[in-house]
Amino acid sequence: MGAAARTALVSAIAMTTDASKQYVSNLEELQRDTSVFYRHVFHTLIDESVPFLVGGAYALTTYTGITRRTKDFDIFVLPHDIQRTLSILAKAGYRTELKYEHWIGKVMHAEHVIDLIFNSGNGICPVDQEWFEHAVPDEVLGLPLRLCPAEELIWQKAFIMERDRYDGADVAHLILARGEQLDWPRLLRRFGDHWHVLLAHLVLFTFIYPGEQSRIPRPIVDALLGRLQAQLDRGQPAERLCRGTLLSLLGYLDDVQREGYRDARLIPLGTMTERQVAAWTAGFERP
């Protein structure tokens with residue numbers, strides 16, 4: 001290699017190194033800015049005595065050790081606190097939005113987002129006082145906060161079976177990591193009439209981890225299988241009901257819109273109004 005070529009190569013390497021350093025510097029600045037945003041929101045809610053819990057990917061990582069990159073941060077508030085929370089954070093200078101009136105709001109700073117969750121997308125897993133009674137103390141970004149209980153995370157995640165998002169792996173990992181500590185009677189009670197969904201995830205867990213099935217108490221499985229057997233013995237109900245909309249919004253639209261099946265999300269079977277269902281559907285169908 002000639003002297004001129006060597007000089008050009010050294011120059012190119014120097015430029016690349018400088019660019020890499022600048023990229024790292026910008027990334028670290030962005031991460032610091034994100035942390036400042038999160039911490040300020042936390043401090044603001046604490047100062048205003050708004051109870052909240054940390055969930056989402058952060059809680060999942062704490063419980064399972066699995067790290068997953070996300071574009072937002074999830075905190076959970078009581079339904080009657082959502083409007084107050086949005087108002088407080090708007091006065092603090094942030095952009096806020098009640099994205100869907102039946103389950104989620106957002107607080108935004110630049111491209112950073114915190115989801116304010118007070119229910120589930122299907123409307124059947126509301127945040128209530130019991131979430132806070134069983135919350136797990138933790139340190140989040142240097143602050144003493146509380147995490148959503150693993151039982152309630154399983155309850156909400158068990159119903160997420162969209163075409164582009166399936167949280168079954170999260171459910172399996174939570175059972176794997178926390179199965180021996182879970183409050184199984186409370187978890188079973190949370191599912192209520194939708195116990196079939198819990199049974200489905202437990203069956204999948206024994207398939208995924210055949211050597212770990214002892215993490216699920218046998219009486220829980222026996223009770224659920226007994227319920228299924230009793231249902232089968234009673235025979236087929238006459239009503240044309242589709243509970244698939246509790247699992248996937250888009251996957252069962254044809255059933256309720258064209259085939260005449262009753263939508264299990266709607267009052268009185270569920271908790272949602274036709275207007276809320278329409279808004280939720282439009283949000284998914286929008287490009």
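Is phenylalanine 52 buried or exposed, and what is its relative accessible area? In this predicted model, phenylalanine 52 is buried, with a relative accessible area of 7%. The legends below take up this residue and several other sites in turn.

Overview. The protein chain has 11 helices and nine strands, and of its 287 residues 41% are buried. When contacts between residues at least 6 apart in sequence are considered, 59% of them join residues that are at least 24 apart.

**Close-up 1. The ring pair of phenylalanine 42 and phenylalanine 52.** Aromatic pairs in the model come to a count of 12. In the pair shown here, the ring centres of phenylalanine 42 and phenylalanine 52 are 5.7 Å apart and the ring planes stand at 20 degrees, so the pair is stacked, given that planes under 30 degrees apart count as stacked. Phenylalanine 42 belongs to helix α1 (residues 3–47), whereas phenylalanine 52 lies in the loop between α1 and β1 (53–54), so the pair ties together parts that are 10 residues apart in sequence. Phenylalanine 42 is buried, its relative accessible area being 0%, and phenylalanine 52 is buried at 7%. Both residues are members of one aromatic cluster, which is formed by Phe37, Tyr38, Phe42, Phe52, Tyr58, Phe73 and Tyr94.

**Close-up 2. Helix α5 and the elements packed against its buried residues.** Helix α5 (residues 150–157) has eight of its eight residues buried, so it is largely enclosed by the rest of the structure. These buried residues are Ala150, Glu151, Glu152, Leu153, Ile154, Trp155, Gln156 and Lys157. The elements against which the buried residues of α5 pack are the helices α2 (56–64), α4 (129–133), α6 (168–178) and α7, together with the strands β2 (72–76) and β5 (112–117).

**Close-up 3. The packing of helix α7 with helix α8.** Helix α7 (residues 184–191) packs with α8 at an angle of about 130 degrees, and the axes of the two helices are 7 Å apart. That angle makes α7 oblique to α8. On the α7 side, Trp184, Leu187, Leu188 and Phe191 take part in the contact, and they meet Trp195, Val197, Leu198 and Leu202 in α8. The residues of this contact of α7 with α8 divide into eight nonpolar, no polar and no charged.

**Close-up 4. The crossing of helix α8 and helix α9.** Helix α8 (residues 195–208) and helix α9 (residues 218–234) have axes that come within 10 Å and cross at roughly 125 degrees. The two helices are therefore oblique to each other, and their crossing is left-handed. From α8 the contact draws on Trp195, His196, Leu198, Leu199 and Leu202, and from α9 on Ile220, Leu224, Leu225, Arg227, Leu228 and Gln231.

Close-up 5. With a relative accessibility of 13%, glutamine 276 counts as buried, the cut-off for a buried residue being under 20% relative accessible area. When its neighbours within four places in sequence are left aside, glutamine 276 is in contact with Glu101, His102 and Thr271.

Methods: Residues numbered from 1 in each chain as written. Predicted model: local features only at pLDDT ≥ 70, side-chain atom pairs only at ≥ 80, totals over all residues. Heavy atoms only, no water. Axes fitted to C-alpha atoms, helices over the stretch in contact; angles between N-to-C directions. Helix = DSSP H or I, 4+ residues; strand = E, 2+ residues; numbered from the N terminus. Parallel < 35°, antiparallel > 145°, perpendicular 65-115°, else oblique. Left-handed = near helix turned anticlockwise from the far one by under 90°. Contact = heavy atoms within 4.5 Å. Phe/Tyr/Trp six-rings, centres within 6.5 Å; stacked < 30°, edge-to-face > 60°. Buried < 20%, exposed > 50% of the residue type's maximum accessible area, 1.4 Å probe, protein only. Nonpolar A, V, L, I, M, F, W, Y, C, P; charged D, E, K, R; others polar.
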